[in-house]
Amino acid sequence: MLATLENLLLEVSKSDRIDMGDMREAEEMILQSLLKGLNIKRAGIWMRDDALDGIRCSLLIDLHHQSRLEDILLTRQQYPDYFAALDEERRISADNALSHPATKEFAESYLKPLGITSMLDLPIRHRGRVVGIVCCEHIGAAKVWTADEKTFAGVLADMVGRAISAKERNEYARQLEVSNESLEALVQKRTASLEQTLDSLKVAQQQLVENEKMASLGSLVAGVAHEVNTPLGIAVTAASHCQLVLGELKAAAQDNQLTRSLLNSTLENMDDSLNLINHNLARAAELVQNFKKTAVDQHNLALTEFELGDYIQVVMSSLLPILKSKKIHFELLNPVAISMYSYPGALAQILTNLVNNAAHHAFEQDADNQICIQLKPDNSDKVELLFRDNGSGMPAEIRRRIFEPFYTTKRGQGGSGLGLSISYNLATAKLKGKMSVESSPGQGTEFRLVLPRKVS
């Protein structure tokens, strides 16, 4: 190829105007290069119009007539031979355009009026198909297109395809930018909505937790009230008996019928009654104190140092009414003292929920019902608490869902399905431990808590 043509191609290929995505800039540069390199006065770029089965002028530069033409449409119906040649997707090299089979039908309407004698049309390919043509037209004596000129024009036609790709890339980039902006706005809107929903769910969750606490405490209150009534009733009866015996003693003294034996018998009787009163009042006071401590702890989740075994005994004594209602025998296996620095209130809630769960689900009939809590300290800074019952147990499909919120097999019978879910969350989040369960039908259930002795 001639050096002049090679230099022109190099100049075009290095220019950023081809890849900027501005088709008008790219077309202008390519057509000017064709006019200069082929030494012609007229060149244009035509793009396919599939809807009208034709080609439409995108830009045409005519140096001879000093004009720039656009938006001219040529259809297959007007020039069938020319379009048949284009269908072969090859270049049309017409040294004598007036007689060439593909171009002679332009003679009267186009070639002769403009003085065009030779044409060189090259296909513009994009994504594997012909999307248009580059049309080079010579005015004057007929021109024989050389091989170098044909190659040169073909390369520039390919440059048009490259410019189309750049335009598409830019359009895709703009569309992507608009889509990203819309997506970001949508994400922000959805995020705000989700945050609002999450806040509402947190409030609802907190309310449910508080309701579950109050339900547990309500059950305890009813049970403790019934339990306290028993020693108080005995104390009241013993006090009434003391008052009656004292009245009889006064009457005997007033009637001068008081004897030493009657005095000693009355004093002994009153002493027994007073002992009975003291014992039952002390028992009632212990129940109230344990209940008060458990209730306060459950609503005041603060870090405290305590002895684990002693605290479990206090909690379980406050749960005595529930244990008695199901005739459950409780045993604590605690070989050594275990000091804890943790949240006793959270532990009290867990034990309360586990006892309630066993009472409502594990023990269906009055029998030899047993609950055992075993403490196993290890050599590290953790302690293992095993809560076992010898109840009915549960199948695998229930065991897998036992810690899910609102899951209960007693729906409509007082079960909320939150007790064990709350216990699991307290054990893992508040006490920084782990909680698991093992159970099978007819073999009882064992809840295993692994808790750090010191929560930081």
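The lining of the largest cavity comprises 9 nonpolar residues, no polar residues and 1 charged residue, where Ala, Val, Leu, Ile, Met, Phe, Trp, Tyr, Cys and Pro count as nonpolar, Asp, Glu, Lys and Arg as charged, and the others, Gly among them, as polar. The model is predicted: local features require pLDDT of at least 70, side-chain atom pairs count only at pLDDT 80 or more, and totals for chains, interfaces and linings use all residues. Residues are numbered from 1 along each chain as its sequence is written, and side-chain values use heavy atoms, with hydrogens and water left out.

The residues that line this cavity are Trp-46, Ile-55, Leu-74, Tyr-82, Phe-106, Tyr-110, Met-119, Ile-133, Cys-135 and Glu-137. A cavity is a set of points, on a 1 Å grid over the protein atoms alone, where a 1.4 Å probe fits but cannot get out, and lining residues have an atom within 4 Å of a point. The space in the largest cavity amounts to about 80 Å³, a volume being the space filled by probe spheres set on the grid points, which are joined across faces, edges and corners. Across the whole structure, 3 cavities of 30 Å³ or more are found. Strand β7 (residues 129-139) gives the most to the lining of the largest cavity, with 3 residues. Helices (H or I, at least four residues) and strands (E, at least two) are DSSP runs numbered from the N terminus.

Helix α3 (residues 80-87) holds the buried residues Tyr-82, Phe-83, Ala-85 and Leu-86. Seen down the axis of α3, these buried residues fall within an arc of 155°, so they line one face of the helix; the arc is that of the directions from the helix axis to the C-beta atoms. Buried denotes under 20% relative accessible area, exposed over 50%, and partly exposed in between (1.4 Å probe, protein chains only). The buried residues of α3 pack against β1 (42-49), β2 (54-62), β4 (73-75), β5 (92-94), β6 (116-126) and β7, with contact meaning heavy atoms within 4.5 Å. Just after α3, Glu-89 takes a positive phi of about 60°.

In helix α4 (residues 107-114), the buried residues are Ala-107, Tyr-110 and Leu-111. Viewed along the axis of α4, they fall within an arc of 120°, so they line one face of the helix. An α-helix has 3.6 residues a turn, so residues three or four places apart point the same way. The face of α4 turned away from its buried side carries the exposed residues Glu-108 and Pro-113. On the buried side, α4 packs against β1, β2, β6 and β7. Gly-115, which follows α4, has a positive phi near 75°.

Strand β7 also contains Val-131, which counts as buried at 12% relative accessibility. Leaving aside neighbours within four places in sequence, Val-131 is in contact with Met-47, Arg-48, Ile-124, His-126 and Ile-164.

Pro-231 is placed in helix α5 (residues 147-254) and counts as buried, at 5% relative accessibility. Not counting residues up to four places away in sequence, Pro-231 touches Asn-280, Arg-283 and Ala-284.

Ser-380 occupies the loop between β11 (369-377) and β12 (382-389), where it counts as partly exposed, at 43% relative accessibility.

The table gives C-alpha separations for these residues.

| Residue pair | Separation along the chain | C-alpha distance |
|---|---|---|
| Pro-231 and Leu-281 | 50 residues | 6.4 Å |
| Ser-380 and Arg-453 | 73 residues | 9.2 Å |
| Val-131 and Asp-49 | 82 residues | 8.7 Å |

Positive phi values also occur in loops. Arg-127, in the loop between β6 and β7, has a phi near 55°, a positive value in a residue other than glycine. Arg-127 is exposed, with a relative accessible area of 63%. Asn-256 is found in the loop between α5 and α6 (260-299), and its phi is near 55°, again positive in a residue other than glycine. Asn-256 is exposed, with a relative accessible area of 73%.

For the protein chain overall, there are 11 helices and 14 strands. Buried residues make up 43% of its 456 residues. Of the contacts with a separation of 6 or more, 65% are between residues 24 or more positions apart. The accessible surface of the chain comes to about 24600 Å², of which 52% belongs to carbon and sulfur atoms; areas come from the Shrake-Rupley method with a 1.4 Å probe, and for residues only the protein chains shown count as cover.

How values were computed:
On a 1 Å grid over the protein atoms alone, a cavity is a set of points where a 1.4 Å probe fits but cannot get out, and a pocket is an open set with protein on both sides within 12 Å along at least five of seven lines; lining residues have an atom within 4 Å of a point.
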